[in-house]
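Open the model in your viewer and keep the sequence panel beside it. The stops below say what to select next and what is there.

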Amino acid sequence: MGGANLEIFKFGMYIMFPIGWMYYFGTNLESRFTVPDFWPAPEKTHRIPFEREEMKAELDRLKAQRQERKAKRLEELAQQKEREESKRD
């Protein structure tokens, strides 16, 4: 069939192909396979409060946010009821 040269070539391919594959994907990963701005900057992420004042401020912020959402939800429900009553008349 092919002889010794073909067998040596096949053996070389069997050895070099995985090594080449690992070299290609294993080197220079940062510049080749990164997505810019994938992770948010540290100043834009949540920061856990450790001080008592920070905790109180965060709790107040969360309570205000929850009250705003509740007021908005109640307002939407009132408007929805008004629309349903106007449809009945």
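**First stop: Glu58 and its partner**

Select Glu58. Glu58 counts as partly exposed, at 29% relative accessibility. Buried means under 20% relative accessible area, exposed over 50%, and partly exposed in between (1.4 Å probe, protein chains only). Arg61 forms a salt bridge with Glu58, and the closest N and O atoms are 2.5 Å apart. A salt bridge here is a side-chain nitrogen of Lys or Arg within 4 Å of a carboxyl oxygen of Asp or Glu. Both residues lie in helix 3, 3 residues apart, about one turn of the helix. Arg61 is partly exposed, with a relative accessible area of 42%.

This is a predicted model: local features need pLDDT of at least 70, side-chain atom pairs count only at pLDDT 80 or more, and totals for chains, interfaces and linings use all residues. Residues are numbered from 1 along each chain as its sequence is written, and side-chain values use heavy atoms, with hydrogens and water left out.

**Zoom out: the whole chain**

Show the chain as a cartoon. How many helices and strands does the chain have? There are 3 helices and 0 strands. These are DSSP runs, numbered from the N terminus: helices (H or I) have at least four residues, strands (E) at least two. The radius of gyration is 32 Å, well over the 12 Å that the globule rule gives for 89 residues, so the chain is more spread out than a compact globule. That radius is taken over C-alpha atoms, and the rule is 2.2 Å times the number of residues to the power 0.38. The C-alpha atoms fill a box of roughly 95 × 50 × 15 Å along the principal axes.

Areas come from the Shrake-Rupley method with a 1.4 Å probe; for residues, only the protein chains shown count as cover. Buried residues make up 0% of the 89 residues.

Select Leu6, Phe9, Phe11, Met13, Tyr14, Ile15, Met16, Ile19 and Met22. They form a nonpolar surface patch with about 980 Å² of accessible area together. Patches are made of residues with over 30% relative accessible area and no salt bridge; like charges are joined within 9 Å, nonpolar side chains (Val, Leu, Ile, Met, Phe, Trp, Tyr) within 5 Å. Pick Phe11, found in helix 1 (residues 4–26). Phe11 counts as exposed, at 54% relative accessibility.

Next, select Glu7 and Lys10. Their side chains meet in a salt bridge (3.5 Å, N to O). They are separated by about one helical turn, being 3 residues apart in helix 1.

**The loop: Asp37**

Move to Asp37, in the loop between helix 2 (29–32) and helix 3 (52–88). Asp37 has a positive phi of about 55 degrees although it is not a glycine. Most residues other than glycine have a negative phi. Is Asp37 buried or exposed? At 76% relative accessibility, Asp37 counts as exposed.

Select Arg47 and Glu54. Their side chains meet in a salt bridge (3.4 Å, N to O). Arg47 is exposed at 62% relative accessible area, whereas Glu54 is partly exposed at 30%.

Finish with Lys63, Arg66, Arg69, Lys70 and Arg73, which form a positive surface patch. Lys and Arg count as positive and Asp and Glu as negative; His and the chain ends are not counted. A charge is placed at NZ of Lys, CZ of Arg, CG of Asp or CD of Glu. Click Arg66, which is found in helix 3. Arg66 is partly exposed, with a relative accessible area of 48%.
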